[in-house]
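Have the viewer open and follow along.

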Amino acid sequence: MKNIFITGATGFLGGELLVDLSKRNEVNKIYCLVRAGSKEKAMQRLKKVFDFHGDVFDPERIIPVQGDLAQDDLTECLIENKMLADVNYIVHSAANTSFSPIYDKLVEEININGLEKVLKWSQSLKNLDSFVYVGTATICGKQVKNRTVTEDESPNPNAEHLVKYTYTKTQGEILLHKYLTEDKVLIVRPSIILGDSRPWIPRSYVIMWTLATVNFLRLIPGDAHCLLDMVPVDYVSSAITKLMFKKRKYNVYHISAGEAAATTSELLCETIAHAFPDQPKFNFIGREMLKDVKLWARKRLNDDSKLNDYPEYLDYWNSIMDDTSDLRILMGGLDPYIEFMELGQVFDNSRLLEENIEGVGQSKPAHEYIKNSIHLLENIDIFEAALEP
Ligand SMILES: NC(=O)c1ccc[n+]([C@@H]2O[C@H](COP(=O)([O-])OP(=O)(O)OC[C@H]3O[C@@H](n4cnc5c(N)ncnc54)[C@H](OP(=O)(O)O)[C@@H]3O)[C@@H](O)[C@H]2O)c1
């Protein structure tokens, strides 16, 4: 039986990982690094992770470790915590995933320095089998456009990044090799995690809010046809937990849709339109129109703007917003995501499929599996989400 130490278990993916790991026969105790004011509060946060989908919470096996990746003495606290000496696997899922430049410093602090603190502690573990690092396939950088990317192309120290987040995830991978030998490292790189393929509320609306925003606007300053690589959180968690306990051919894997199941904004919008048939038809006008949408929101649109060719949508926007300047909030939040989506990156998933893992075959395309939860778009507060992209 193996003991696990997991970070980020209160998050979108980490919550699924914690529950999946708790159900595995190989797993004994799971120590969870949790930010909380007290041990009781940390325990409550973990119980909530299990309660979310009615899974069994066993407080004898799920053990909170109060701590913060930003804490200066984290390494020392983990080393001094003798209960953790029997850890066999570290699953590092915690990260600050913000795309907003206002969080750049914090994103670096958590994703690079925080990781380094855990790595330093990992060196003191006598029985460490693997350090599982949850990376991201998007570290390949913005120079990669409209093609399929393989695992070996990253981490590329010369990659150019749209946001600090992907830069820090690249540096994280580089850092791993400074502290651990190759045989102890498992790097899993999900593509874009969108929703859950099961017919229930996902733990988090990360990325789903972009669909909710698109549903609200209907006239989209973006491209309809760029390929998007998206996978549901349950698929990602199942793949990671199964890879952990098997003899593997590689130590880096994309957890992605790949060429066979990549989707597009147009296909996703067809699924949305089916669920919300009473709103105007979707129309894509290109990302170059984003500036004009912002100008319209400020009532400063030039008369010769092409946006004036869509009066029915402008009337519609006037009818659904009390204050059209709110549109600037939405556009500010949406812009970095549109930029990402328009890179047209697809992440090769042949390594994962080659492993022939039971229950982890080719994932379904996002426009198919999202039908299960598309009605939930109505519940998302898009303005709130746009403020915390
Ligand atoms: N979502 C995606 O589309 C996607 C795609 C590819 C890769 N990934 C990777 O998957 C991992 C999980 O992402 P996610 O979407 O699940 O993120 P998430 O929902 O934002 O969860 C982040 C987790 O990290 C924890 N955390 C953040 N700052 C911390 C700190 N200072 N100290 C301790 N814990 C801290 C959070 O704890 P609190 O609950 O206390 O805030 C939370 O448990 C990340 O490594 C991310 O890079 C995500």
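Which element gives the most to the shell around the ligand? That's α1, with 3 residues.

## Before you start

This is a predicted model: local features need pLDDT of at least 70, side-chain atom pairs count only at pLDDT 80 or more, and totals for chains, interfaces and linings use all residues. Residue numbers start from 1 along each chain, following the sequence as written. Helices (H or I, at least four residues) and strands (E, at least two) are DSSP runs, numbered from the N terminus.

## Around the ligand

In all, 28 residues surround the ligand, and the closest are Thr10, Gly11, Phe12, Ala94 and Ala95.

By class, the shell has 14 nonpolar, 11 polar and 3 charged residues. Here Ala, Val, Leu, Ile, Met, Phe, Trp, Tyr, Cys and Pro count as nonpolar, Asp, Glu, Lys and Arg as charged, and the others, Gly among them, as polar.

## The sheet and its helices

Look for an open sheet of 7 strands, in the order β3-β2-β1-β4-β5-β7-β12, with parallel pairing. Strands pair if DSSP finds at least two bridges between them. At the edges sit β3 (62–66) and β12 (252–255), each pairing on one side only. From one strand to the next, the twist averages 20°. As for β4 (residues 89–92) and β5 (residues 130–134), they pair in the parallel sense over 4 bridges, and Tyr89 has Ser130 in β5 as its bridge partner.

Helix α4 (residues 104–122) lies across β1 (2–7), β4 and β5, and runs at about 180° to β4. Helix α5 (residues 164–179) lies across β5 and β7 (185–190), at about 170° to β5. These angles run from 0 to 180 degrees between N-to-C directions, with axes fitted to C-alpha atoms, for helices over the stretch in contact.

## The nonpolar core

The largest nonpolar core has 100 residues, and Cys32 and Val132 have the most contacts inside it. Such a core is a set of buried Ala, Val, Leu, Ile, Met, Phe, Trp, Tyr and Cys residues joined through C-beta atoms within 7 Å. Helix α7 (residues 233–244) gives the most to this core, with 7 residues.

What is Cys32 in contact with, leaving aside its neighbours within four places in sequence? The answer is Ile6, Ala9, Leu18, Leu46, Ile62, Ile63, Pro64 and Val65. Contact calls for C-beta atoms, placed from the backbone, within 7 Å.

Most residues other than glycine have a negative phi, and most peptide bonds are trans. Still, a cis peptide bond joins Ser154 and Pro155, with omega about 0°. Pro155 sits in the loop between β6 (147–149) and α5.

Ile207 has a positive phi of about 70° although it is not a glycine, and its place is the loop between β8 and α6 (208–217). Lys299, found in the loop between α10 (290–297) and α11 (311–320), has a positive phi near 60°. Buried or exposed, then, for Lys299? Lys299 counts as exposed because it has 8 C-beta neighbours inside 10 Å, while Ile207, with 18, counts as partly exposed. The cut-offs within 10 Å are 20 or more other C-beta atoms for buried, 12 or fewer for exposed, and partly exposed in between, with C-beta atoms placed from the backbone.

Definitions and conventions
Two residues are in contact if their C-beta atoms, placed from the backbone, lie within 7 Å. A residue is near a molecule or strand if its C-beta atom, placed from the backbone, lies within 6 Å of it.
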